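User: I would like a close look at a single part of this model, with its surroundings taken into account. Please keep the account plain.

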Amino acid sequence: MLENWFTPASIPSVNTPDADSRLGSKVQVLSGSASPDLQQTKIAIVGLQASEADAVRRHLYSMAAPWPPETIIDLGNIRKSNPSFFIPALAELAGSRIFPIVVGRDIAGLTAQFKALQAILQHINLVAFDERLDLSLPGTYLHDMLIGQRDQVFQCGLLGYQSHFVAPK
């Protein structure tokens with residue numbers, strides 16, 4: 001069933017002496033026809049654009065990870081980057097109590113994840129990593145989520161931005 005939404009990703013190998021403690025050695029990977037056991041899965045990594053998502057995976061998989069191997073799965077890359085195609089996939093994961101992490105640069109991925117969660121949750125916690133944040137401009141993704149959907153965003157955390165892109169106030 002998952003192969004209808006996802007194509008297998010190009011998973012990098014981790015070649016370090018402590019490879020067993022790295023995320024890359026602990027992630028289940030969706031591969032072709034094999035249907036993974038999602039009973040213990042808590043987090044699903046989903047790539048939005050294959051080239052960009054695979055570039056993130058190269059760095060992400062080399063990071064240390066203290067989690068048990070059965071809790072994270074990499075479902076690969078979404079077959080179509082049209083939000084109307086993958087909102088149901090993200091909603092299905094979230095409805096199964098599997099938190100989808102969408103990897104990619106397209107804001108449509110974040111917006112789709114937000115809409116998928118909006119359909120099944122009363123309150124949403126949002127974390128932003130962005131090079132530039134401007135909440136004063138209507139139409140920007142954070143403005144629309146934080147100002148336009150104020151009743152559903154419970155918390156918003158800002159983990160990074162480049163201060164030279166943000167106008168001082």
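This is a predicted model: local features need pLDDT of at least 70, side-chain atom pairs count only at pLDDT 80 or more; totals for chains, interfaces and linings use all residues.

Which residues of helix H1 are buried?

Analyst: Helix H1 covers residues 50–60, and its buried residues are Ala-53, Asp-54 and Arg-57. Looking down the axis of H1, these buried residues fall within an arc of 100°, so they line one face of the helix. An α-helix has 3.6 residues a turn, so residues three or four places apart point the same way. The other side of H1 carries exposed residues, namely Ser-51, Arg-58 and His-59.

As for what lies over the buried residues of H1, the cover includes three strands: S3, S4 (72–78) and S5 (99–103).

Two of the buried residues carry charged groups that pair with each other. Arg-57 makes a salt bridge with Asp-54, and the closest N and O atoms are 2.8 Å apart. Both partners belong to H1 and sit three residues apart, about one turn of the helix. Asp-54 has a relative accessible area of 13%, and Arg-57 has one of 1%. Both values are under the 20% cut-off, so the two residues count as buried.

Asp-74 forms a salt bridge with Arg-57, with 2.6 Å between the closest N and O atoms. This pair links distant parts of the chain, since Asp-74 is in strand S4 and Arg-57 in helix H1, 17 residues apart. Asp-74 is buried as well, because its relative accessibility is 1%, under the 20% limit.

Taken together, Asp-54, Arg-57 and Asp-74 are linked in a network of salt bridges. The structure holds two salt bridges; the pairs are Arg-57 with Asp-54 and Asp-74 with Arg-57. Strand S4, which holds Asp-74, is also among the elements that cover the buried residues of H1.

Thr-41 is placed in the loop between strand S2 (28–29) and strand S3 (43–47), and S3 is one of the elements covering the buried residues of H1. Apart from neighbours within four places in sequence, Thr-41 is in contact with Gln-28, Glu-70, Thr-71, Ile-73, Arg-97 and Ile-98.

Methods: Residues are numbered from 1 along each chain as its sequence is written. Side-chain values use heavy atoms; hydrogens and water are left out. Helices (H or I, at least four residues) and strands (E, at least two) are DSSP runs, numbered from the N terminus. Contact means heavy atoms within 4.5 Å. Buried means under 20% relative accessible area, exposed over 50%, partly exposed in between (1.4 Å probe, protein chains only). The arc is that of the directions from the helix axis to the C-beta atoms. A salt bridge is a side-chain nitrogen of Lys or Arg within 4 Å of a carboxyl oxygen of Asp or Glu.
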